Amino acid sequence: MDLSKNQTPTAEVCKSPAVVPNFEWINKYQKNSKSLGVGKQVPAPLGTPLNKLSQQRKTAARKVSAFARFGFIILLGDRNETENTITTMIVKNFGSDQKTVLHIFFRRLSELTDWRGLGQLVTNTEKSLGKKENLERERGSNSGPQRFKLSSPESQGITSREDRDELVRSSSHTPSNKAQILAMPQFGLRDNLIRCELLKNEEQYTYLEDFSFFLGTYNVNGQTPKESLRPWLSCTLNPPDVYCVGFQELDLSKEAFFFNDTPKEPEWTKAVSEALHPDATYALVKLVRLVGIMLILYVKKEHAEFISDVEAESVGTGIMGRMGNKGAVAIRFRFHNSNICVVNSHLAAHIEEYERRNQDFKDICARMEFHQLDNSRPPFTIIKHDVVFWIGDLNYRISNLDVKDVKELISKKEFEALHNYDQLKRQIDEEAVFVGFVEGEINFQPTYKYDTGSDTWDTSEKCRVPAWCDRILWKGKNITQQHYQSHMALKISDHKPVSSLLVTGIKRINSETYKKTFEEIVRNIDKLENECIPSVTLSKQEFHFKDVKYMQHQAETLTLYNDGQVPCQFEFIQKPNESTYCKSWLTANPHKGFIAQGGSVDIELEVFVNHMTAPNLNSGKEQIEDILVLHLERGKDYFISVSGNYLPSCYGTSLRLLCLMREPIHDMPPGTIGKLAETLINGNDMNAENPLAIPKELWMMVDHLFRHAIKQEDIFQQPGLRSDFAEIRDCLDTGMPDSLPGSNHSVAEALLLFLDALPEPVVPYSFYQQCLDCCSNASHCEKVISMLPQCHQNVFNYLTAFLRELLKHTANNRLDVNILSTIFASLILKPPTKQDFAEKRKTQEFFYYFLNPESSTAKTSV
């Protein structure tokens, strides 16, 4: 994807035909307009037709916009228009009786030190003007001015100065950053249209300036910083402008894995700050960490004022797509006028798991979102940025080549020949991953795996094949790589750190040109009258999703074409008595936006059934049916029908209901599942004929793992493939084939997902508090389990017996009682409401006893 064509989410909804003159829709209004669009307010007598009143309100709103802009002119330091001149212009619009209010405005304006106070000052002044209008109205003046809604911070949900400060706390706009304040949403300057037009005309007011970005990645294998990092971080002759430093496996302890808490964060942060280039002073912008994946962003002190909109996010791609032992952290920020995203990731391990690594990459791109200060705008995704830097232990290996041959090519420094066997290169060439990204030429030996404390290749029993696990890639224009190298001098880990220096062209704003462009846009918009009603054409209004399955995405595209004479704002709105615009299994992306005249936008309607929505669909209480209401601001509503059929699944079906089904759920006649569910509600399941002791689906997964995965390394710690899960789900729901497909890791994850999807957990919610209360008393723990409904008790005993068998093979599968109690307690013993840290500990304590019954007390060392 060409980033220059899709720089921000705004650009996505500003698609226009190839040849459309700017503001073509305004031409009809320009012929007889000679002023700046700020005319004298005319009183509206009672009984004035609604269309005339609407036009007068529009005129009044333009005056408020003009009033705010005059404040901008003064605050920006443009002294060509004197206070008297501006006063004359405003008095002309608001009336001579408002001079007192205006004098107060100018006095307070002169006291402002930065732009943040301007919004409140304008708001207060507008309120003062509004009070006089109210007074005139109370006096019963039939010819007085009609009330109009002021475009103030209050009208946009910003109720106080403190609230506004909170909205911009991640930014560092300063008076030297003046140009950016003109597009801030607080001032109601028809944000979306202005943003879109500014984006179209960006080249008119920006220019490129080169800045150097130092990117570094280091898998430290849980070690502490025993040596200086300066050979790595200060390897450049000149100090970089920006540092982006990423770590993986910062802490391998169980405390870090399960509770995301580690003392090593400050240790490594201190080591980094002490190793930055000595010829410059740096400011810490942001630090983000997910378990052992950490990313730190520094900039030269002189650049700090030009960094804004800083946000950090993380995505776990470990087991069940949640655990943070694998995944990514990212920081996005605005540097001058360029949006930049830095991603640090640690992808799935093991040489054969390249498809899982591909899936991790796609999951990170799909799930990583950065919310904007203006909530009306869609969130940023990774690829929506002008520049993306991607660093980390990507874990792609060298394959189809014997370890002896690999080492021989390394000794001859034939890196180009060796690179042909690199999995990442092959996956990029096949466009399976990192499409559009660039990696520099590799002229250094593989960075993994070494004996810790040396430059010697792995001499352990596994004797791993050397690989370029640690990589740096980028996406964007005007980027030149100055170096790409490893740093052999650092020996504390089994990896070597890698660095790259990228000189990047950053868009800077010419304030004067920006202001002229902005004011020209606003002048043109001010000429738009309220005559034209927006309208769109929909590509289709009926959507049908066939054979929807549990956790399987289905999507169709709705295209909106703006065939009206004006730009339009669209939004999917709530129906009466409903809290959201759509059912919880449906989403529209984007659900609101802006379309330029003649432009179009693609909206993805996606159906996805998860553990929250599956129970009612399985039982037939709910169907795949919904009506979406698409509303155009100042226009009409459009109704879109969404329908489909859902294939019931054992995922999201209760244990008691599954025990009543001897046939696969797909073989159940229509309506039978609903009748069985009613039987359970009425308490008549005790009369059911020969219910199963445990669900057959659960037995199939546990039996498979018992026979094939009892000694599997990292079982229940390494995630499986999504494609495998789909096949496993279909096998369980149809009863075919007899043996489960997919890898052992995929079956293990399918079991965890099954437990997570239960509407009522193995230990029902009504027993949750009792379990917490008796977690330190072994006999009381057993007593609570003996009180569970029979099928729940059977499942609990069956699972714990299986887990105890796993623990007999810890030398092979690398499991221990703490790992299993942490993973399974969170699924088997769920809280009815949000769980705090203390409760989480108690659930692990409770479950710990059943995995280690020889212990006299049920206390865990986690």
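## Terms and model

Two strands pair if DSSP finds at least two bridges between them. Helices (H or I, at least four residues) and strands (E, at least two) are DSSP runs, numbered from the N terminus. This is a predicted model, in which local features need pLDDT of at least 70, side-chain atom pairs count only at pLDDT 80 or more, and totals for chains, interfaces and linings use all residues. Residues are numbered from 1 along each chain as its sequence is written, and side-chain values use heavy atoms, with hydrogens and water left out.

## The chain as a whole

The secondary structure of the chain comes to 29 helices and 22 strands. Of its 862 residues, 55% count as buried, where buried means under 20% relative accessible area, exposed over 50%, and partly exposed in between (1.4 Å probe, protein chains only). Contact means heavy atoms within 4.5 Å. Among contacts between residues at least 6 apart in sequence, 74% join residues at least 24 apart.

Strand β6 covers residues 327-335, and nine of its nine residues are buried. G327, V329, I331, F333 and F335 point one way from the strand, while A328, A330, R332 and R334 point the other way. In a regular strand the side chains alternate between the two faces of the sheet.

Strands of a sheet pair through backbone hydrogen bonds, either parallel or antiparallel. Strand β5 (residues 307-316) runs antiparallel to β6, and eight bridges join them. On this side, E311 stands opposite R332 of β6. Strand β7 (residues 338-346) also pairs with β6 in the antiparallel sense, over nine bridges. S338 in β7 is the bridge partner of F335. The hairpin of β6 and β7 has two residues between the strands, and H336 takes a positive phi near 55° there.

## A sheet of four strands

An open sheet has the strand order β14-β16-β20-β18, with antiparallel pairing. Its edge strands are β14 (536-538) and β18 (586-589), each of which pairs on one side only. From one strand to the next, the twist averages 25°.

Within this order, β16 (residues 554-562) and β20 (residues 600-607) pair over eight bridges. L558 has I603 in β20 as its bridge partner.

L473 lies in strand β11, which covers residues 470-475. The relative accessible area of L473 is 0%, so this residue is buried. L473 and G440 are 33 residues apart in sequence, and their C-alpha atoms are 7.5 Å apart in space.

## Helices that meet α29

Axes are lines fitted to C-alpha atoms, for helices over the stretch in contact, and angles run from 0 to 180 degrees between N-to-C directions. Angles under 35 degrees count as roughly parallel, over 145 as roughly antiparallel, 65 to 115 as roughly perpendicular and the rest as oblique. The axes of α28 (residues 817-828) and α29 (residues 837-851) come within 8 Å and cross at roughly 120°, and the two helices are therefore oblique to each other. The residues in this contact include L820, F824 and I828 of α28 and F847, Y848 and L851 of α29. By class, the contact has eight nonpolar, five polar and no charged residues. Here Ala, Val, Leu, Ile, Met, Phe, Trp, Tyr, Cys and Pro count as nonpolar, Asp, Glu, Lys and Arg as charged, and the others, Gly among them, as polar.

Helix α26 (residues 790-806) also meets α29: their axes come within 9 Å and cross at roughly 70°. These two helices are therefore roughly perpendicular to each other. F796, T800, L803 and R804 of α26 meet F846, F847, F850 and L851 of α29. This contact divides into six nonpolar residues, one polar and one charged.

## Backbone details in loops

The peptide bond from Y448 to K449 is cis, with omega near 5°. K449 lies in the loop between α16 (423-429) and β11. Another cis peptide bond joins N589 and P590, with omega about 0°.

N395 is not a glycine, yet has a positive phi of about 70°. N395 counts as buried, at 3% relative accessibility. R814, also not a glycine, has a positive phi of about 60°. R814 is found in the loop between α27 (810-813) and α28, and counts as partly exposed at 46% relative accessibility.
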